[in-house]
Amino acid sequence: MTPHPDGPELDSPGDKSSLPGSPGGPPGSPGELLRSPVLQTVSRAAVPVTIIVSLIIFNQGHNLPGGGFIGGVLAAAAGAMHLMAFGVEGAARWNWWKLSVLGLLISIMTGTVPFLLGEAFMNHTELHPHLPLIGSFHVPTAAFYDAGVYLIVVGMLMTIFVELGLENRE
Amino acid sequence: MMLSPTASLPTLVFIPFVGAFLALCMGRIAGHKTGYLMVLSALASFILAAMLYAGLDPAAPVVCAAEWLPGVDVNFRLRGDGFGLFFALLVSGIGTLVGIYSLSYVHLSDNRRVARYYAALIAFMGAMLGLALADDLVLLFVFWEITSITSFLLIGFWYDQEIGRKGALMALQVTVGGGLAMMAGFVVIGAITGSYSISELAADPSLREKLVAAGMLTPALLLCLGGALTKSAQMPFHFWLPKAMVAPTPVSTYLHAATMVMAGVFLVGRLLPILGDSPAWTPILTTVGLVTFFLGAYQSLREFDLKAILAYATVSTLGLLMMLYGLKAADQDVLQIWSHGAYKGTLFLVAGIVEHATHTRDLRKLGGLRKVMPITFGVCLLGAISMSGLPPFFGFLAKEAFYAQLLHGEVLHGQPVLQWTIIVLSVLANAFIFAVACKLVFGVFFGPPAEDVDAVDHHAHEAGIGLWGPAAVLGLVALGMGLAYPITSQMVNGMSSDPHAHVHVSLIPHDIGPVAMSAVTVLLGIGIYLMRRPINRLQDALAIIPPMYKFWDWLMAGITAVSVTFSRQWQNGSLRWYFSGVLLFACVLVTAALNRADFLRHDIIVKPHDLYWPAVAISGMLIFAALILVRAQVRLTAALASTAIGFLVALLFVIYRSPDILLTQLLIETVSTIFILLVLFFMPRFSRDVVAPPVRLVRLIVSILVGFTMATMVFLCTLPELRTEDNLGLGYLERSLSEGFGRNAVNVIIVDMRAIDTTGEITVLVVVGMAVFGLLRTRRHKA
């Protein structure tokens with residue numbers, strides 16, 4: 001299993017074109033890595049499905065395996081698939097880290113509201129809102145906190161993917 | 001006014017903070033007019049303090065208390081007793097005058113800088129008022145540190161010049177360093193006695209007995225003095241004060257002559273009833289005070305910069321006050337502080353006027369200004385005569401009382417050698433101060449006008465009333481308080497920190513001793529002034545020891561050098577080094593915990609049929625993948641091997657039915673693999689490093705140790721003995737639904753029970769994301 005010591009030095013900076021799975025990319029442009037029509041077609045369908053699954057996993061997190069962190073990682077994995085299929089240029093127009101700052105604000109504010117109401121900081125409770133058509137349901141306030149975690153993870157991972165992808169492109 | 005006394009206490013403290021906030025907001029538009037905010041807030045505080053003083057009942061001062069940290073008995077407690085109100089009046093009164101003076105003095109085109117100047121000055125005033133009236137040690141500490149920080153900002157007003165930055169930094173380092181020691185002292189007092197209230201500590205002897213019983217009276221005193229002696233610029237910490245004279249003159253007048261440097265003296269006055277029984281009290285304070293008193297005056301005569309002269313003279317008076325407290329003569333503290341504030345404030349403001357008019361503060365370049373600036377000359381005379389201690393000025397009353405204390409004080413009674421040493425040095429120091437006063441008046445206003453400085457010829461002019469007015473008010477206070485000595489006597493005794501103060505203050509001598517000492521002082525002072533040139537040469541010859549600030553610079557350079565060396569060695573950039581440290585530390589923790597839980601002490605027998613064979617098979621594959629990882633010749637192989645390890649671990653979670661962790665593990669492994677592939681290009685060439693056999697051996701030992709400890713921990717932690725009733729995990733499982741409203745205990749722990757921990761972690765995530773963005777974007781923009 002150990003590769004031959006005299007095997008090609010795939011990981012040296014000069015050998016970018018010979019990376020596995022870069023059939024379509026012009027030589028010397030690792031940003032074109034893995035950009036194939038097959039992958040593009042698959043990811044068109046797979047990315048939305050994965051994001052929906054990530055939302056389901058996030059939503060069920062309070063009672064079943066899942067939660068904001070895992071949901072966020074899954075959504076970011078879907079984002080990574082999109083980046084690999086279509087390149088980073090489209091995603092690079094966004095400042096993804098701002099999404100994680102927004103998430104942090106949501107999380108901290110969820111904890112601050114009970115504090116302002118005289119409870120302990122980060123003391124969660126359960127809400128019972130009544131909405132027309134949908135009816136009444138239970139929402140633990142921890143879910144808002146978890147939503148913040150979801151956004152933070154997506155924002156942070158996408159920032160790193162996009163930035164490293166841009167590095168590779170140049 | 002409709003404010004009740006209880007409400008006006010916090011109001012007078014918070015008015016300046018509101019003013020400072022407004023100054024910051026409006027300064028950009030208002031420009032120099034921001035100074036009116038300073039005048040207004042100072043005047044408002046002064047009026048409130050004066051009203052409180054008028055209605056003061058010495059037996060029951062006004063108290064305003066609110067809970068702050070009730071668990072440790074720390075409260076927001078303000079108390080308007082005589083001594084505190086005296087300080088509040090001093091701070092707000094001089095603050096009003098300095099505000100008026102600043103209106104004419106501070107001229108800058110940059111409105112934002114003017115705004116910052118006034119904001120810092122007003123906030124400083126608020127902090128000083130709070131410090132004066134605080135009746136809680138922690139509250140006092142908070143205000144104390146605000147004065148240090150605002151002082152730093154004000155000294156660093158000329159932050160575009162290196163000397164300004166250095167002076168500000170030095171003042172901050174010295175005073176904040178001392179402040180830390182003081183905080184430790186406060187905590188000692190509070191932790192042992194259970195009370196942080198200053199008035200309670202002073203009134204209740206049983207609390208002090210607790211300190212004595214714990215043997216912490218003297219340690220607490222030493223720690224608290226660390227703050228007081230640095231703040232009040234006592235030897236050997238005095239050096240920051242002359243360096244702080246780079247600040248604009250109103251700042252020097254206000255902070256570094258009249259109020260902030262008095263904070264240390266004030267604190268000692270507050271501590272005397274609490275810690276005064278310590279045997280170290282009198283020796284330390286008397287020695288430090290006397291040395292500072294004498295050397296400050298001595299050094300003052302050597303200087304040529306007007307503000308440096310005044311700074312050393314201030315150091316000298318601060319030493320005198322410390323010595324008085326050391327001799328437990330607290331009854332005349334207000335007398336000394338007040339008379340000093342009046343004349344020193346006058347002289348500093350005059351120095352500012354002179355610099356404003358001539359663009360120099362160097363005595364060797366000044367001279368003959370009497371005719372050009374007659375009003376300033378008159379004002380300066382008021383201050384200088386009071387400083388030299390001649391009748392009928394306030395300074396005379398203060399000096400007479402001081403001499404009477406030295407002659408008849410109880411502490412010195414029966415120790416003639418000590419008493420006469422102190423008397424001789426004090427007379428000598430006062431003679432130096434007398435000579436310095438002469439040097440100021442004659443050097444600036446008499447003699448030939450300095451020809452070589454064209455500034456003196458062309459620009460010297462009388463200042464406007466905005467500049468000499470405030471100085472004149474202070475000078476007239478110095479004169480008036482002397483003339484109206486019966487009122488003075490009543491006031492200084494009523495406001496002293498000693499409730500039984502009964503100092504005799506009079507212009508008409510009734511005791512020959514102090515008068516004789518004053519006469520000797522004046523004669524000696526005239527002698528020193530006439531002989532100043534030979535004395536200066538003698539002083540230069542005697543100055544063998546480098547100035548104190550050099551020692552401080554060396555200390556700072558030493559600390560920097562040590563920390564740089566340490567960082568280079570410890571944070572050497574080798575990931576292997578970091579991992580070894582972290583893992584070994586984890587091993588120590590694990591071993592200690594297991595050892596404490598008695599797990600290593602009884603035999604554990606493992607029978608083959610206990611083993612779960614699918615898990616053994618996966619573990620075998622894991623070991624194989626790990627071997628590939630460490631033997632890999634190419635980075636890609638290593639990356640794939642580590643991914644394989646991750647997925648095999650996920651497989652373990654499958655067979656042990658742990659879906660939550662399985663999900664996490666799978667997703668994290670996927671994302672990590674993407675990461676590794678993305679950064680693979682940027683890694684340096686993968687080469688096996690050639691290491692010496694001993695290093696290899698050390699690495700081998702570390703690896704085996706870590707592996708063995710972790711394996712033992714995992715093995716022991718899965719034993720059935722650990723599933724006991726008091727298991728932490730069971731508690732979480734029980735409370736998950738009832739308190740966290742969720743059945744997934746793992747998630748409930750993360751987002752609810754330990755949400756504050758999670759908040760820390762997600763904050764790190766956000767910071768990492770932003771750092772990656774910032775680092776890579778800037779790198780690309782540069783390229």
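Accessible areas come from the Shrake-Rupley method with a 1.4 Å probe. Keep that in mind for the first stop. The model on your screen is predicted.

**Stop 1: chain A**

Select chain A. Its accessible surface comes to about 8700 Å². Carbon and sulfur atoms hold 70% of that surface. Now switch to a cartoon view. Chain A has five helices and four strands.

Next, think about what is covered. Of the 170 residues in chain A, 44% count as buried. Then look at contacts between residues at least 6 apart in sequence. In chain A, 61% of these join residues at least 24 apart.

**Stop 2: chain B as a whole**

Is chain B spread out or compact, judged by its radius of gyration? The radius of gyration is 35 Å, while the globule rule gives 28 Å for 783 residues, so chain B is more spread out than a compact globule. Turn the chain along its principal axes. Its C-alpha atoms fill a box of roughly 110 × 65 × 55 Å.

For chain B the accessible surface is about 36200 Å², and 70% of it belongs to carbon and sulfur atoms. Buried residues make up 51% of the 783 residues. Among contacts in chain B with a separation of 6 or more, 78% are between residues 24 or more positions apart.

**Stop 3: ring pairs**

Now colour the aromatic residues. Over all chains, the structure holds 32 aromatic pairs. Zoom in on one of them: Y117(B) and F157(B). Their ring centres are 5.3 Å apart, with 65° between the planes. That makes the pair edge-to-face. Where does each partner sit? Y117(B) is in helix α4 (residues 111-133), and F157(B) is in the loop between α5 (137-155) and α6 (162-193) of chain B. The pair therefore ties together parts that are 40 residues apart in sequence. Both Y117(B) and F157(B) are buried.

Move on to F566(B) and W570(B). This pair is stacked, at 6.1 Å centre to centre and 10° between the planes. Both residues belong to helix α24 (residues 548-570) of chain B. They are four residues apart, about one turn of the helix.

Now select F83(B), F86(B), F87(B), F266(B), W338(B) and F394(B) together. Ring pairs link these six names into a cluster.

**Stop 4: charges over rings**

Select R113(B) and Y159(B). The charged end of R113(B) sits over the ring of Y159(B), 4.6 Å from the ring centre. Then select K439(B) and F304(B). Here K439(B) lies over the face of F304(B), at 5.0 Å from the ring centre.

**Stop 5: cysteines**

A disulfide is a covalent bond between the sulfur atoms of two cysteines. How many disulfides are there over all chains? The count is zero. Finish with two cysteines. Are C64(B) and C587(B) buried or exposed? C64(B) has 13% relative accessibility, so C64(B) counts as buried. C587(B) has 5% relative accessibility and counts as buried too. The cut-off for buried is under 20%.

How values were computed:
Residues are numbered from 1 along each chain as its sequence is written. Chains are lettered from A and ligands numbered from 1 in the order in which they are written. This is a predicted model: local features need pLDDT of at least 70, side-chain atom pairs count only at pLDDT 80 or more; totals for chains, interfaces and linings use all residues. Side-chain values use heavy atoms; hydrogens and water are left out. Rings of Phe, Tyr and Trp (its six-membered ring) pair if their centres lie within 6.5 Å; planes under 30 degrees apart count as stacked, over 60 as edge-to-face and the rest as tilted. Helices (H or I, at least four residues) and strands (E, at least two) are DSSP runs, numbered from the N terminus. Buried means under 20% relative accessible area, exposed over 50%, partly exposed in between (1.4 Å probe, protein chains only). A charge sits over a ring if NZ of Lys or CZ of Arg is within 6 Å of the ring centre and within 35 degrees of the ring normal. The radius of gyration is taken over C-alpha atoms; the globule rule is 2.2 Å times the number of residues to the power 0.38. Contact means heavy atoms within 4.5 Å. A disulfide is a pair of cysteine sulfur atoms within 2.5 Å.
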